[in-house]
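Me: I have a structure open and would like to go through it piece by piece. Can we start once it is on screen?
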Amino acid sequence: MAEGKTAKLQLGGKDFDLAVLSPTAGPDVIDIRKLYGEAGVFTYDPGFTSTASCDSTITYIDGDKGELWYRGYPIEQLAEHSHYLEVCYLLLYGELPNRDQLVDFETRVTRHTMVHEQMHYFFRGFRRDSHPMATMVGVVGAMSAFYHDSIDINDPVQREIASIRLIAKVPTIAAMAYKYSLGQPFVYPRNELDYASNFLHMCFSVPAEPYQVDPALARAMDRIFTLHADHEQNASTSTVRLAGSSGANPFACIAAGIACLWGPAHGGANQACLEMLRQIGTVDRIPEFLARAKDKNDPFRLMGFGHRVYKNFDPRAKVMKESADEVLDLLGIHNNPTLQVAKELERIALEDEYFVAKKLYPNVDFYSGIILEAIGFPTSMFTPIFALSRTVGWISQWKEMIADPQNKIGRPRQLYVGAPRRDYKPLDAR
Ligand code: SDX
């Protein structure tokens, strides 16, 4: 970060010079680390809308231009030319792998896809109708009870093994959660299949008959994984970092990230969006729902629309929309009513003065559910798929933080507006 510029703060008749740090791309930041020590004041920023919580080299978003880079590479180029495990390598290590590095990485991940056999018993404790995210939070957290040789966060070798295990095993756990909800037997990973094909095989094959993965669907699945892989300091990534800053083991940190992602304002939006599109049902009911979304007194929001950072289109939504058309075409699903409603809703909303004024555009969750439903997943599996895709982003950000010599436990302060100091009042005096 380039230094040298300063910002001047005048407070209580005193001047304070604060360093201004300049990034590779994006806005400058004012370094306020010594503000409380020197000026005795905190800054106030609920939701961290104007606060940089860390410096990072992994992902960059320009919300006004609708740009997203993984390690400097635009998401559109990675979605078109790369594949998920190569993107995992890029996010983890900072550079695109050469052929030998890629083969070695894919082999390492492939050989860690099975989970400890005793982990199967965890599923028995859940009701069959449990949401798969509940199962994933529980079982991924429980990995720390099994993989004791990769929980010492101070050992870079153990950090590396934990990273590979999480990228390799979270899809297996997600598929097991799905099979358990169906009452079908778990399907073991197959090492001859690529990552996306293996996931589809673990979800959709049954022991009673052969199952052939459709390569086009595997490609669409792989692209969905890539589009969801990382996204700067979003709520779940910040959760993983905060959990990791206390020294918690990587499996516990990723379980915390999964829990945060579940919320409908975040990763749960893909499930909520498809359910909303179904609720709207037909194009002629769109105005009714748009009115509700604009009504301050109605908690209803247009799921899959809006974003904390993107105040222009979400580049992932553009790729996802193209992919939705391709997958539905491939599957011979024409005039899919949900897709018709989605496209018409997008068209109307983007012309509507409320959405234009508030810079609300479709986000990554708007079209993803349409593809996942077409591939055969129930809505309850949408967020688990987001979670398994984002595991590499979470673990890359966690590794970056742990390796940072400035790393310290995260501990925000507050603006206290509660009762002033007062003495205890005996029961009879109340
Ligand atoms: C993800 O952070 C990330 O990077 C997340 C993510 C990732 O990859 O990790 O991109 C994944 O979480 C995508 C977002 C998925 N969530 C949804 O689709 C849920 C619907 N969207 C909204 O809940 C909302 O847009 C958020 C939560 C996504 C963003 O909220 P902000 O930036 O805090 O915006 P806001 O709530 O302050 O809204 C600004 C204004 C408000 O109106 P005013 O108070 O200014 O009058 O816009 C309105 C909001 O009421 N608004 C919406 C709306 N989103 C915002 N109104 C109707 N429908 C919406 N969807």
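Me: Leaving aside its neighbours within four places in sequence, which residues is Ile333 in contact with?

Reply: This is a predicted model. In it, Ile333 is in contact with Leu328 and Ala374, once neighbours within four places in sequence are left aside.

Me: Where does Ile333 lie?

Reply: Ile333 lies in the loop between α14 and α15, and α15 covers residues 337-351.

Me: Is Ile333 buried, partly exposed or exposed?

Reply: Ile333 has a relative accessibility of 30%, so it counts as partly exposed. Buried would need a value under 20%, and exposed one over 50%.

Me: New topic. Which residues does UniProt list for "active site"?

Reply: The UniProt entry, which is unreviewed, lists His307 and Asp365 under "active site". These two are spread over 59 residues of sequence, yet they cluster in space, with a largest C-alpha distance of 10.5 Å.

Me: Take His307, then. Where does it lie?

Reply: His307 lies in the loop between α13 (286-294) and α14 (315-330).

Me: What does His307 touch, not counting residues up to four places away in sequence?

Reply: His307 touches His231, Arg316 and Asn363 on that count. Within its own stretch of chain, the side chain of His307 also reaches the backbone nitrogen of Val309, at 2.9 Å.

Me: Where is Asp365, and what does it touch if we again skip residues up to four places away?

Reply: Asp365 lies in helix α17, which covers residues 365-375. Asp365 touches His266, Gly267, Ala269, Asn270, Cys273, Gly304 and Phe386.

Me: Why does Asp365 count as buried, and why does His307 count as partly exposed?

Reply: Asp365 counts as buried because its relative accessibility is 5%. His307 counts as partly exposed because its value is 22%. The cut-off for buried is under 20%.

Me: On to helix α10. Which of its residues are buried?

Reply: Helix α10 covers residues 235-245, and its buried residues are Ser236, Thr237, Val240, Arg241, Gly244 and Ser245. What covers them includes α11 (250-261) and α18 (382-403).

Me: What comes just after α10?

Reply: Gly247 does, and Gly247 takes a positive phi of about 95°.

Me: Now Asp31. Where is it, and what does its side chain pair with?

Reply: Asp31 is in the loop between β3 (29-30) and α1 (35-39). A polar contact of 2.5 Å joins its side chain to that of Arg33. Leaving aside neighbours within four places in sequence, Asp31 is in contact with Leu18, Ala19 and Leu21.

Me: Is Asp31 buried or exposed?

Reply: Asp31 is buried, with a relative accessible area of 16%.

Me: Last one. Where is Asn98, and what does its side chain reach?

Reply: Asn98 is in the loop between α3 (84-93) and α4 (99-110). The side chain of Asn98 reaches the backbone nitrogen of Asp100 at 3.1 Å. Asn98 counts as partly exposed because its relative accessibility is 42%.

Definitions and conventions: Residues are numbered from 1 along each chain as its sequence is written. This is a predicted model: local features need pLDDT of at least 70, side-chain atom pairs count only at pLDDT 80 or more; totals for chains, interfaces and linings use all residues. Side-chain values use heavy atoms; hydrogens and water are left out. UniProt positions are given in the numbering used here, feature names are shortened, and annotations may be inferred rather than shown by experiment. Helices (H or I, at least four residues) and strands (E, at least two) are DSSP runs, numbered from the N terminus. Buried means under 20% relative accessible area, exposed over 50%, partly exposed in between (1.4 Å probe, protein chains only). Contact means heavy atoms within 4.5 Å. A polar contact is a pair of N or O atoms within 3.5 Å; within protein, one must be able to donate a hydrogen and the other to accept it, and residues adjacent in sequence count only if both atoms are side-chain atoms.
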